[in-house]
Amino acid sequence: MSRAFTITAADTHLDGVDTLGDGPPLLFLNDDFSTQRHWGRVLRRLDGKYRTVTFDARGRGRSGTSSDYSLRGAIDDVDRVIEATALTRPVLVGSSHGATLALCYAAEYPELVGGLVLVDGAYPVSVLDEHGKKRVHERFRGRGWARRVPARPGRAVRLSPRECAEAVIATDEVNGQLIADYSELRCPTTLVAGHGTFPAGLEQEEGARRLATARAVASSDRTTLLVTTCGGYGRILDKDPGIVVTAIEDVIGRSAPAAAVSTGTRWRGAA
């Protein structure tokens, strides 16, 4: 049974779906320019085995627009969703930007997270120099109109070209500082990395660097790495959703039973 929900978040609202299941709770965090619908192939393979919660980030899908698309705001929104849905130590499953968000949340609130599945994201390396940042802005200016047209109802991304570019650059900058967060992880973590065919040019080099850093952080006893060749960067949810399910079950198998959560020292952003 599924229940749609809406949560007030700062100057906007977040729309999501909470689906009941018998196993541990899973909270899915989307990439920068996708909506909760992008998890469909993964959710179908889970087939109701676990409780799942998905939601659209600010300015995406059915959620409202906002004056704040920062990572800080996104972390606060994860906290709001966990509180509103009464999730106890969920496994956070994030894709691309959502993986970075999941790791940052776990670093800030380690007692509230049961595990992490990081899909093609949270690579602890920054790949954009000043020229690269300029290219990102140019890319979004060149196709900015397309970002505002939904393929189907509920799939729109309503950020401006400038906001889209700034979101990508901000995530890249945070990624370059994630080594410290990996070293402090207390929960079981599985990284899912793409190692398929990349477009020619700089993207091929970026993919190799990301995979190398994933192998490095996976040397921890809490962190494992799964690599798929079914599609390159950004294509795993479409091309190989089964490996994401494998990663989820790996993390659940290594997770400690849900413990009582102390909120005495927990900081919350204003609702």
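## Around alanine 102

A contact means heavy atoms within 4.5 Å. Alanine 102 touches Leu29, Leu92, Leu116 and Leu118, leaving aside residues up to four places away in sequence. This is a predicted model: local features need pLDDT of at least 70, side-chain atom pairs count only at pLDDT 80 or more, and totals for chains, interfaces and linings use all residues. Residues are numbered from 1 along each chain as its sequence is written, and side-chain values use heavy atoms, with hydrogens and water left out.

Alanine 102 lies in helix H3. Helices (H or I, at least four residues) and strands (E, at least two) are DSSP runs, numbered from the N terminus. Alanine 102 has 0% relative accessibility, so it counts as buried. Buried means under 20% relative accessible area, exposed over 50%, and partly exposed in between (1.4 Å probe, protein chains only). Asparagine 30 is 72 residues from alanine 102 in sequence. Their C-alpha atoms are 10.0 Å apart in space.

## The chain overall

The chain has nine helices and eight strands. It has 271 residues, and 52% of them count as buried. Take the contacts between residues at least 6 apart in sequence: 76% join residues at least 24 apart.

The accessible surface is about 12400 Å². Carbon and sulfur atoms hold 51% of that surface. Accessible areas come from the Shrake-Rupley method with a 1.4 Å probe; for residues, only the protein chains shown count as cover.

## Aromatic pairs

Rings of Phe, Tyr and Trp (its six-membered ring) pair if their centres lie within 6.5 Å; planes under 30 degrees apart count as stacked, over 60 as edge-to-face and the rest as tilted. By this rule there are three aromatic pairs. The ring centres of phenylalanine 33 and phenylalanine 140 are 5.4 Å apart and the planes meet at 55°, so this pair is tilted. Phenylalanine 33 sits in the loop between S3 and helix H1 (40-46), and phenylalanine 140 in helix H4 (residues 130-142), so the pair ties together parts 107 residues apart in sequence. Phenylalanine 33 counts as buried at 18% relative accessibility. Phenylalanine 140 counts as buried at 1%.

Tyrosine 105 and tyrosine 109 form another tilted pair, with 4.7 Å centre to centre and 55° between the planes.

On a 1 Å grid over the protein atoms alone, a cavity is a set of points where a 1.4 Å probe fits but cannot get out, and a pocket is an open set with protein on both sides within 12 Å along at least five of seven lines; lining residues have an atom within 4 Å of a point. Grid points are joined across faces, edges and corners, and a volume is the space filled by probe spheres set on the points.

The second largest pocket has a volume of about 460 Å³. Its lining has 26 residues, with Arg60, Tyr69, Ser70, Leu71 and Ala167 nearest the centre. Strand S3 (23-29), helix H2 (71-84), helix H3 (97-108) and helix H5 (161-175) each give two or more residues to this lining. H5 gives the largest share, six residues. By class, the lining has 10 nonpolar, seven polar and nine charged residues. Ala, Val, Leu, Ile, Met, Phe, Trp, Tyr, Cys and Pro count as nonpolar, Asp, Glu, Lys and Arg as charged, and the others, Gly among them, as polar.

## Cavities

The structure holds three cavities of 30 Å³ or more. The largest cavity contains about 50 Å³ of space. Its lining residues include Asp31, His38, Asp120 and Arg235. By class, this lining has three nonpolar, four polar and three charged residues.
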